[in-house]
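User: Please take a close look at one part of this model, the part around the start of the chain. Then set that part against the rest of the structure.

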Amino acid sequence: WLGRWRALQLDHPDLLVEVCDAYWDAPQGYPMGVLCEYMPLGSLDELVSACGGLPEEAMREVAQVILEGLDALHSASPPMVHGFLKPSQVLFGVSGRPKLTFGL
């Protein structure tokens, strides 16, 4: 799934968080650590907690990006399901634009 995420991220760099590297647990075959692009403004969860909510227009913009990201995942061949979408999985980069990250 990690390789597929990377391929989709290359096609949709404004929607999906870039995975830079992964460190694997050889016996189990599962990632032990994943290094992603730096998202200094934190998560949607942190933003809502700090601000007590967001204006409707801002939430509409965030929702639009989330839906576009899910559409990119679901339109892949074969489709990819996020399966763990929640506010902490929506991160904000330097530009302030939200991106989806994956759930581990």
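Analyst: H12 is partly exposed, with a relative accessible area of 26%. (Buried means under 20%, exposed over 50%, and partly exposed in between, with a 1.4 Å probe and protein chains only.) The model is predicted: local features need pLDDT of at least 70 and side-chain atom pairs pLDDT 80 or more, while totals for chains, interfaces and linings use all residues. Residues are numbered from 1 along each chain as its sequence is written, and side-chain values use heavy atoms, with hydrogens and water left out.

H12 sits in the loop between α1 and β1. (Helices, H or I of at least four residues, and strands, E of at least two, are DSSP runs numbered from the N terminus.) K99 is 87 residues away from H12 along the chain, yet their C-alpha atoms are separated by 9.9 Å.

Now step back into α1. L2, W5, L8 and Q9 are buried in this helix. They lie on the same side of α1, because they cover an arc of only 120° around the axis. (The arc is that of the directions from the helix axis to the C-beta atoms.) An α-helix has 3.6 residues a turn, so residues three or four places apart point the same way. On the other side of α1, G3, L10 and D11 are exposed.

W5 is one of the buried residues of α1. The relative accessible area of W5 is 2%, so W5 counts as buried. W5 touches L16, V17, V19, L73, M80, L100, T101 and F102, not counting residues up to four places away in sequence. (Contact means heavy atoms within 4.5 Å.) A72 is 67 residues from W5 in sequence and 10 Å from W5 in space, C-alpha to C-alpha.

Q9 is also in α1. Q9 is buried too, because its relative accessible area is 7%. The side chain of Q9 reaches the backbone oxygen of L16 at 3.4 Å. (A polar contact is a pair of N or O atoms within 3.5 Å; within protein, one must be able to donate a hydrogen and the other to accept it, and residues adjacent in sequence count only if both atoms are side-chain atoms.) Leaving aside neighbours within four places in sequence, Q9 is in contact with L16, V17 and E18.

Not counting residues up to four places away in sequence, L16 touches W5, L8, Q9, E37, G69, L73, K99 and L100.

Next, the core. The largest nonpolar core holds 19 residues, and W5, L16, L73 and L100 touch the most other members. (A nonpolar core is a set of buried Ala, Val, Leu, Ile, Met, Phe, Trp, Tyr and Cys residues joined through side-chain atoms within 4.5 Å.) Two or more residues come from each of α1 (2–11), β1 (19–25), α3 (56–75) and β3 (90–92). The most comes from α3, with five residues. In soluble globular proteins, nonpolar side chains tend to be buried together.

I66 lies in α3. At 14% relative accessible area, I66 is buried. Its contacts, not counting residues up to four places away in sequence, are L85, V90 and L100. I66 and V90 are 24 residues apart in sequence, and 7.7 Å apart in space, C-alpha to C-alpha.

T101 follows β4 (98–100), in the segment after that strand. The relative accessible area of T101 is 8%, so T101 is buried. Not counting residues up to four places away in sequence, T101 touches W5, V17, H82, Q89 and L91.

One backbone detail remains. P78 lies in the loop between α3 and β3. The peptide bond from S77 to P78 is cis, with omega near -5°. Most residues other than glycine have a negative phi, and most peptide bonds are trans.

Last, the whole chain. It has three helices and four strands, in the order α-β-β-α-α-β-β. Its radius of gyration is 14 Å, close to the 13 Å that the globule rule gives for 104 residues, so it is as compact as a globular protein of that length. (The radius is taken over C-alpha atoms, and the rule is 2.2 Å times the number of residues to the power 0.38.) Of the 104 residues, 32% count as buried. Among contacts between residues at least 6 apart in sequence, 52% join residues at least 24 apart.
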